[in-house]
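Trainee: I have a model open and would like to learn how to read it. Could you walk me through it, feature by feature?

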Amino acid sequence: HIGDRDSFLNERMVFQRRFKELQKLQCTQGGRGRKKKLEPLEKLREKERNWVKTKNHIFSREVIKCALKVGAGTIHLEKLKNIGKDSDGSIEESKKYVLRNWSYYELQSMIEYKAKMEGIVVKYVNPAYTSQTCSFCGQIGERSSQSVFKCLNPNCTEYGKEANADYNAARNIANSKEIVN
């Protein structure tokens, strides 16, 4: 595993709570000096931005190290365009939390430029059904929770076995032949 989703999101939530507390304090007094009153908010926003950027550098470096260690010449990433949006362009309510706290594009960009420096090619794959398809037999399975995947194909060697859904999706992405631009 590279990174921990829960600790990353928890840290982002700490920043957001601190930001809300500072906003409450800043709005209590009227008068002049708006710029001076907003300085602590801007400093906190900058501190959070630097923290996220540092984490993305660490994660992207680990991805490149892992690719070099196994001798991979290509890294596959999901092409996540319009993620979480409905057909009308609005963002699903359940996805707003994750999207608000996620900086996937920045992480992708860092992986791309670090891979290029090492001579590794980055290709994008279609994300459709990567987390719902069995990485052994290619059939749609069951996601009983966010982290658990189970194959429902009785002819599959992994039939009925519970697997980590992220690991299963990563195998599907790595083995994907459907490259998109």
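Trainee: Let me start with the nonpolar core. Which residues have the most contacts inside the largest one?

Mentor: The general idea comes before the case. In soluble globular proteins, nonpolar side chains tend to be buried together. Here we have a predicted model, and its largest nonpolar core has 14 residues. Those with the most contacts inside this core are Ile64, Ile75, Leu77, Ile111, Ala115, Ile120 and Val122. Two or more residues come from each of the elements α2 (34-70), β1, α4 and β2.

Trainee: What does Ile111 touch, not counting residues up to four places away in sequence?

Mentor: Ile111 touches Ser60, Val63, Ile64, Ile75, Leu77 and Val122 on that count. Several of these names, including Ile64 and Val122, are also on the list of core residues with the most contacts.

Trainee: And what does the second, separate core include?

Mentor: That one has five residues, among them Cys134, Phe149, Cys156 and Ala165.

Trainee: Let me step back to the overall layout. How many helices and strands does the protein have?

Mentor: There are five helices and six strands. Along the sequence they follow the pattern α-α-β-α-α-β-β-β-β-α-β. Of the 181 residues, 28% count as buried. For contacts between residues at least 6 apart in sequence, 60% join residues at least 24 apart.

Trainee: Now the sheets. In what order do the strands run in the sheet that holds β1?

Mentor: Again, the general idea leads. Strands of a sheet pair through backbone hydrogen bonds, either parallel or antiparallel. In this open sheet of three strands the order is β1-β2-β6, and the pairing is mixed. The edge strands, β1 and β6 (179-180), each pair on one side only. Between β2 and β6, which run antiparallel, there are two bridges. To find this pairing on screen, look for Tyr124, which stands opposite Val180 in β6.

Trainee: Which helix packs on that sheet?

Mentor: Helix α4 does, touching β1 and β2. The direction of α4 makes about 170° with that of β1.

Trainee: I clicked on Gln108 in α4 (residues 104-118). Is Gln108 buried or exposed?

Mentor: The cut-off for buried is under 20% relative accessible area. Gln108 has 10%, so this residue is buried. Leaving aside neighbours within four places in sequence, Gln108 is in contact with Leu77, Glu78 and Tyr124.

Trainee: Which residues of α5 (residues 165-175) are buried?

Mentor: They are Ala165, Asn168, Ala169, Asn172 and Ile173. These residues cover an arc of only 135° around the axis, so they lie on the same side of α5. Asp166 and Tyr167, on the other side, are exposed. The cover over the buried residues includes β1 (74-78), β2 (121-125), β3 (142-143), β4 (148-150) and β5 (162-164).

Trainee: What happens at the start of α5?

Mentor: There, a side-chain oxygen of Asn164 reaches to within 2.8 Å of the backbone nitrogen of Asp166. Further along α5 you will find Asn172, which has a relative accessible area of 16% and is therefore buried. Not counting residues up to four places away in sequence, Asn172 touches Thr130, Thr133, Cys134 and Ser135.

Definitions and conventions. Residues numbered from 1 in each chain as written. Predicted model: local features only at pLDDT ≥ 70, side-chain atom pairs only at ≥ 80, totals over all residues. Heavy atoms only, no water. Buried < 20%, exposed > 50% of the residue type's maximum accessible area, 1.4 Å probe, protein only. Helix = DSSP H or I, 4+ residues; strand = E, 2+ residues; numbered from the N terminus. Arc of directions from axis to C-beta. Contact = heavy atoms within 4.5 Å. Polar contact = N/O pair within 3.5 Å; in protein donor to acceptor, adjacent residues only side chain to side chain. Core = buried A, V, L, I, M, F, W, Y, C linked by side-chain atoms within 4.5 Å. Pairing = 2+ DSSP bridges. Axes fitted to C-alpha atoms, helices over the stretch in contact; angles between N-to-C directions.
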